[in-house]
Amino acid sequence: MSKKVPLYIDGEFVQSQSSQWIDVTNPATQEVIAQVPCATQTEMAQAVASAQQAFLTWKEVAVSERARVMMRYQALLKEHHDEIAEILASETGKTFEDAKGDVWRGIEVVEHAANIPSLLMGETVENVARGIDTYSFTQPLGVCAGITPFNFPAMIPLWMFPLAIACGNTFILKPSEQDPLTPTRLVELFEQAGAPKGVLQVIHGGKEQVDFLLDEPAVKAISFVGSVAVGQYIYRRGTENMKRVQAFAGAKNHCVIMPDANKSQVISNLVGASVGAAGQRCMAISVAVFVGSAREWIPEIAAELAKVKPGGWDDPDAAYGPLISPQAKQRVENFITQGVNEGAELLVDGRNCDVAGYPHGNWVGPTMFGKVTTDMEIYKNEIFGPVLCATEVDSLDEALAMVNANPYGNGTSIFTASGAAARKYQHNVEVGQVGINIPIPVPLPFFSFTGWKGSFFGDLHAYGKQGVRFYSETKTITARWFESDIADVSGPNMTINLK
């Protein structure tokens with residue numbers, strides 16, 4: 001009999017009284033490894049009531065003590081790092097190394113939360129007018145909620161609840177129903193770290209449970225990561241209910257390859273960035289834009305991509321694992337077929353992929369298209385699989401125009417030996433996260449995670465009725481420079497002048 005995943009309400013793991021349960025399957029075998037409940041209305045109301053009650057006392061706890069909880073928590077996460085990664089790999093299909101990376105990026109956020117006292121400092125000015133002083137304080141909102149996706153079941157929950165709780169809020173987590181075992185273990189360790197009863201609740205389920213959180217007046221803020229359609233829905237419904245909402249949505253990330261780039265570096269980075277985690281990540285590189293003579297490298301990249309092999313999570317030679325579900329596999333294979341029908345050149349075909357010992361796995365092999373144009377569906381849609389689309393342009397200006405015309409703005413990168421080209425690209429591209437000679441520019445927790453356009457909906461993206469953006473947006477640049485890039489270093493402030 002498969003394991004029944006508990007809810008976590010009022011500081012206790014409890015078995016749901018729900019009549020609706022969802023199977024959790026191993027994507028490499030289709031074996032049912034657990035069942036997760038769709039929480040009842042009564043159970044969700046209990047979670048909210050507990051979070052409300054806990055907030056009254058937790059917000060008064062000294063910020064230094066909240067930080068110490070996070071310090072103890074990050075130590076426990078490190079101690080159990082490999083154990084968590086093994087749980088994660090078994091329910092997502094990720095390779096062990098990939099699963100360990102998932103866990104570690106979450107640990108880095110908890111480390112950041114342990115520094116919360118300095119992040120909560122307000123502002124003070126004396127004599128703003130004669131005899132009048134002004135002080136500002138950063139205070140918690142109350143009950144917050146997070147809705148997380150299947151593809152990073154450790155990292156993304158750890159993006160959310162540690163920081164919210166460290167700030168003095170209480171939190172309700174609704175993890176993906178496709179891999180709930182990893183978040184459950186995270187919560188067990190959080191309890192061991194000394195988190196007080198009620199500061200964290202976990203409910204499970206689908207749309208009905210999400211709608212409850214979006215409509216419940218006691219929930220003051222919602223954080224979401226997932227698909228575009230769901231992100232838009234959550235943003236609209238949440239804000240209609242006057243909640244603060246941040247929704248990280250889809251992506252179509254472009255990598256621009258200039259002719260002067262280091263070819264071996266481009267090939268190794270592009271292959272990993274396009275098929276790693278089976279392409280199931282919002283920061284995957286799914287479009288390669290070859291500028292000028294760089295197009296001559298396409299056959300070599302296709303040849304290297306064809307060598308990449310998926311496999312089981314404990315196979316040290318596997319580059320990535322299966323897709324999360326048979327439906328996800330079918331969707332990706334349908335896009336591959338559609339790309340062929342649209343006239344793209346199928347350079348590497350990942351359909352009908354077999355992995356020895358796993359005949360029922362959701363396998364899709366590495367796939368690459370050449371001659372892709374921007375009117376094709378494989379270009380316009382986020383495929384969310386190990387599929388790379390190669391496009392060709394004649395100039396950096398054309399590459400910029402292509403990227404900026406795309407409705408998504410999550411991440412992008414450029415490979416070049418020219419500081420001038422890199423500066424022009426990072427300055428003019430309409431994307432929130434930019435890598436320079438870095439394939440996937442995900443910043444560390446003390447930087448903002450900055451999606452633009454259709455990749456993010458939330459408080460930092462305020463629009464007027466006609467779509468006019470009122471506020472500025474943050475762009476995060478992650479760059480790797482080499483000695484050959486620097487013309488000279490001069491001046492009292494060590495200004496670097498790039499070629």
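**Ground rules.** I number residues from 1 along each chain as its sequence is written, and I use heavy atoms for side-chain values, with hydrogens and water left out. Since this is a predicted model, local features need pLDDT of at least 70 and side-chain atom pairs count only at pLDDT 80 or more, while totals for chains, interfaces and linings use all residues.

**Domains.** I looked up the domain assignment, whose bounds come from an automatic or database source. Domain 1 is given as 1–248 + 457–477, and domain 2 as 251–434. Taken over C-alpha atoms, their centres are 30 Å apart. I then found 24 residues of domain 1 in contact (heavy atoms within 4.5 Å) with 29 residues of domain 2. The two domains bury about 2000 Å² between them, and 61% of this is on carbon and sulfur atoms. Buried area is the accessible area (1.4 Å probe) lost by two parts on being put together, summed over both.

**Helix 2 and helix 4.** I took helices as DSSP runs (H or I, at least four residues), numbered from the N terminus. Axes are lines fitted to C-alpha atoms over the stretch in contact, with angles from 0 to 180 degrees between N-to-C directions. Helix 2 (residues 63–79) packs with helix 4 (residues 96–113) at about 160°, the axes being 8 Å apart. The pair is therefore roughly antiparallel, a term for angles over 145 degrees. I noted a left-handed crossing, in which the near helix is turned anticlockwise from the far one by less than a right angle; clockwise is right-handed. M70, Y73, Q74, L77 and K78 of helix 2 meet W104, I107, V110, E111 and A113 of helix 4. I sorted these into seven nonpolar, one polar and two charged residues. Nonpolar covers Ala, Val, Leu, Ile, Met, Phe, Trp, Tyr, Cys and Pro; charged covers Asp, Glu, Lys and Arg; the others, Gly among them, are polar.

**Helix 3 and helix 7.** I found helix 3 (residues 81–92) and helix 7 (residues 181–192) packed at about 160°, with axes 8 Å apart. They are therefore roughly antiparallel, and their crossing is right-handed.

**Helix 10 and helix 11.** I saw that the axes of helix 10 (residues 263–275) and helix 11 (residues 298–306) come within 10 Å and cross at roughly 50°. The crossing is right-handed. By class, I recorded six nonpolar, one polar and three charged residues in the contact.

How values were computed: Helix = DSSP H or I, 4+ residues; strand = E, 2+ residues; numbered from the N terminus. Parallel < 35°, antiparallel > 145°, perpendicular 65-115°, else oblique.
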